[in-house]
Amino acid sequence: MCGHPLGDKPAPEPTPESAAVQSLSSGRRHATVMFTDVSGYTALSERLDPEDVHRLINEVKEAATRIVEKHGGIVNQFVGDEVLALFGIPNATEDDPVRAIKAALELHAHIRENIDDLLARTGDRLQIHTGINTGLMIAEYSADREGLYRLTGDTVNTAARLRSLAEADQILIGPNTQRLVKFYFQMVPCPPVRVKGKAAPIVPYQVLAESRISSRFEAARER
């Protein structure tokens, strides 16, 4: 089953900036956005000591930053328990959507294999959920509490909705992203959903795993 209700997020925390990012101008960008946060964060906060929750969220943020940067993306900002990462900003490449999904798969695997051990004494499990979308957006360099870039556009809004629709340990991607990565990953379509601001429903896709194809050459041959 794909989907659960939307929720509001508190004010974001800034992430460390680099000199390279500071020097880049703002404008229209074609990029991939990844939203990831903790499933059931409110319930988890009610059951655990605040220090334990803080430690676990920091573990998620540290892992996300390391994995996103490993795959060539940047963490734009943290919003409470949520991580917003960008692939294709400041510099775009043809495989930005592929790298974003690989980062999401690795982060989900890391949480399943490592973070759960920290909750063994409580009987609770820590799970995350992710929404990814690709397309045009306006990226205005900021480096303040709204993140390294202030992002606007339908692409960003749809990615946030997909994250909210994703259930625990699910990775949902938009149809634009699916068309670009369909040979690289195993995925299944979800029922159409209505997204605010769109006239027609969209079909999200749940990513299951990487496929046997690992290069653009193999993907072209498959086509």
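**Cores, strand pairing and salt bridges**

Arg-99 and Asp-96 are both buried. In this predicted model, the two side chains form a salt bridge, with 2.1 Å between the closest N and O atoms. Because Arg-99 and Asp-96 are 3 residues apart in helix H4, about one helical turn separates them.

The largest nonpolar core has 37 residues, of which Ile-101, Ile-132, Ile-173 and Phe-185 touch the most other members. The element that gives the most to this core is helix H4 (residues 96–118), with 9 residues. Beyond its neighbours within four places in sequence, Ile-101 is in contact with Ile-132, Ile-173, Thr-177, Val-181, Phe-185 and Val-207. Another core, of 15 residues, lies apart from the largest one and has Ala-31, Ile-89, Met-137 and Ala-139 among its members.

Strand S4 (residues 82–87) is mostly covered, with 6 of its 6 residues buried. Glu-82, Leu-84 and Leu-86 point one way from S4, whereas Val-83, Ala-85 and Phe-87 point the other way; residues of both sets are buried. Strand S4 pairs with strand S2 (residues 27–38) in the antiparallel sense over 5 bridges, and Phe-35 stands opposite Leu-84. Strand S3 (residues 74–79) also pairs with S4 in the antiparallel sense, over 5 bridges; here Phe-78 stands opposite Val-83. The hairpin of S3 and S4 has 2 residues between the strands, and in this hairpin Gly-80 takes a positive phi near 65 degrees.

Over the whole structure, 10 salt bridges are found. One of them joins the side chains of Lys-198 and Asp-154, at 2.8 Å from N to O. This pair links distant parts of the chain, 44 residues apart: Lys-198 is in the loop between strand S8 (185–189) and S9, and Asp-154 is in helix H5 (residues 154–165). Both partners are partly exposed, Lys-198 with a relative accessible area of 29% and Asp-154 with 37%.

Methods: Residues numbered from 1 in each chain as written. Predicted model: local features only at pLDDT ≥ 70, side-chain atom pairs only at ≥ 80, totals over all residues. Heavy atoms only, no water. Core = buried A, V, L, I, M, F, W, Y, C linked by side-chain atoms within 4.5 Å. Buried < 20%, exposed > 50% of the residue type's maximum accessible area, 1.4 Å probe, protein only. Helix = DSSP H or I, 4+ residues; strand = E, 2+ residues; numbered from the N terminus. Contact = heavy atoms within 4.5 Å. Pairing = 2+ DSSP bridges. Salt bridge = Lys/Arg side-chain N within 4 Å of Asp/Glu carboxyl O.
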